[in-house]
Amino acid sequence: MDILFEYILRIEVLILILVLVILKSTIIFVPQNRAYLIERFGKYQSTREAGLNFILPFIDRIGSDRSLKEQAIDVPSQSAITKDNISLSVDGVLYFRVLDPYKASYGVDDYLFAVTQLAQTTMRSELGKMELDKTFEERDVLNTNIVAAINEAAGPWGIQVLRYEIKDIVPPQSIMEAMEAQMKAERVKRAQILESEGDRQSAINVAEGQKQSVVLQAEAQKEEQILRAQGEANAIIAVAEAQAEALIKVGEAANTEQGQKAIQLDLATKAIEAKAAIAKESSVVLLPDSGNDAASIVAQAMTIINTLNKG
């Protein structure tokens, strides 16, 4: 009896173990952004994406496991010859992702190796179309052309190349020395141009300052002359007006009897002063024939004044 019981227990344990093994073989959990390609009897059956999935135990199997995330691979350094026959050493980084797991698994044996080789050959081909200077100046254009060429060729592999970045472009040592000398000469040239431009601008500023100074001085002299002339004219007018007013008053006074006497006295005084002045400056004095010369001079002056008043 004990032997039979032990026998039954063994059978149940074996059945339980068998069930667990079957369940484990039936249930698969696919991680996010991954794809499992299921093969049945060695032939592609289906593609299972993220989540809980079931397969037939002992019949189906996971043929390939593909990542759907963006991947980056180094493109090893390689030599390439430019359009002007310069040998370069170039490497880069390729960014891509698997769009079709079926094509990536069954369209090419090793898609990583294939896309790397394709990137290298395409880079050599694109560099051969450009001269050395252009490879440094138009690196973005070169990257874009490489991506377009790889995508066109890698379409049957179910791969999309997102971008390609050139890490280093290393020319031969002799070319690097020549480029450094060229850059040094270019810097010296730009420094000389800037210095000459500075001197030229400085000379222009000095000349402009001198010109403005001369113009301002001329304008100041002009203003000074105008103001001086206006002042002199105003002074002459004021003097003339004062003299005219004085003559009018003298004329008005001369029409009176007291005025006539005052004029006679003034003229006689001036005549005597004039003769005294002449006598001081000369040793010989010529006197008029008449003995009462002062009265004669006054009479002559009064005759002239009366004639003017009548006129």
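Reader: What should I know about the model before the details?
Author: This is a predicted model, in which local features need pLDDT of at least 70 and side-chain atom pairs count only at pLDDT 80 or more, while totals for chains, interfaces and linings use all residues. Residues are numbered from 1 along each chain as its sequence is written, and side-chain values use heavy atoms, with hydrogens and water left out.

Reader: How many helices and strands does the protein have?
Author: There are 8 helices and 8 strands. Helices (H or I, at least four residues) and strands (E, at least two) are DSSP runs, numbered from the N terminus.

Reader: Why is D60 called buried?
Author: Buried means under 20% relative accessible area, exposed means over 50%, and partly exposed lies in between (1.4 Å probe, protein chains only). D60 has a relative accessible area of 7%, so D60 counts as buried. D60 belongs to strand 5, residues 60–67. Across the protein, 23% of the 311 residues count as buried.

Reader: What makes the pairing of D60 and R40 a polar contact?
Author: A polar contact is a pair of N or O atoms within 3.5 Å; within protein, one must be able to donate a hydrogen and the other to accept it, and residues adjacent in sequence count only if both atoms are side-chain atoms. The side chains of D60 and R40 are joined at 2.5 Å, so the distance falls within that limit. Contact in general means heavy atoms within 4.5 Å. Residues up to four places away in sequence aside, D60 touches I38, E39, R40 and I55.

Reader: How do you know that the length of helix 3 agrees with its number of residues?
Author: The expected span of a helix is 1.5 Å times one less than its number of residues. For the 17 residues of helix 3 (residues 111–127) this gives 24 Å, and the end C-alpha atoms are 24 Å apart, so the two agree.

Reader: Which residues of the largest nonpolar core touch the most other members?
Author: They are L94, I150 and Y164, in a core of 31 residues. Helix 3 gives the most to this core, with 7 residues. A nonpolar core is a set of buried Ala, Val, Leu, Ile, Met, Phe, Trp, Tyr and Cys residues joined through side-chain atoms within 4.5 Å. Beyond its neighbours within four places in sequence, L94 is in contact with residues including V115, A119, I150 and Y164.
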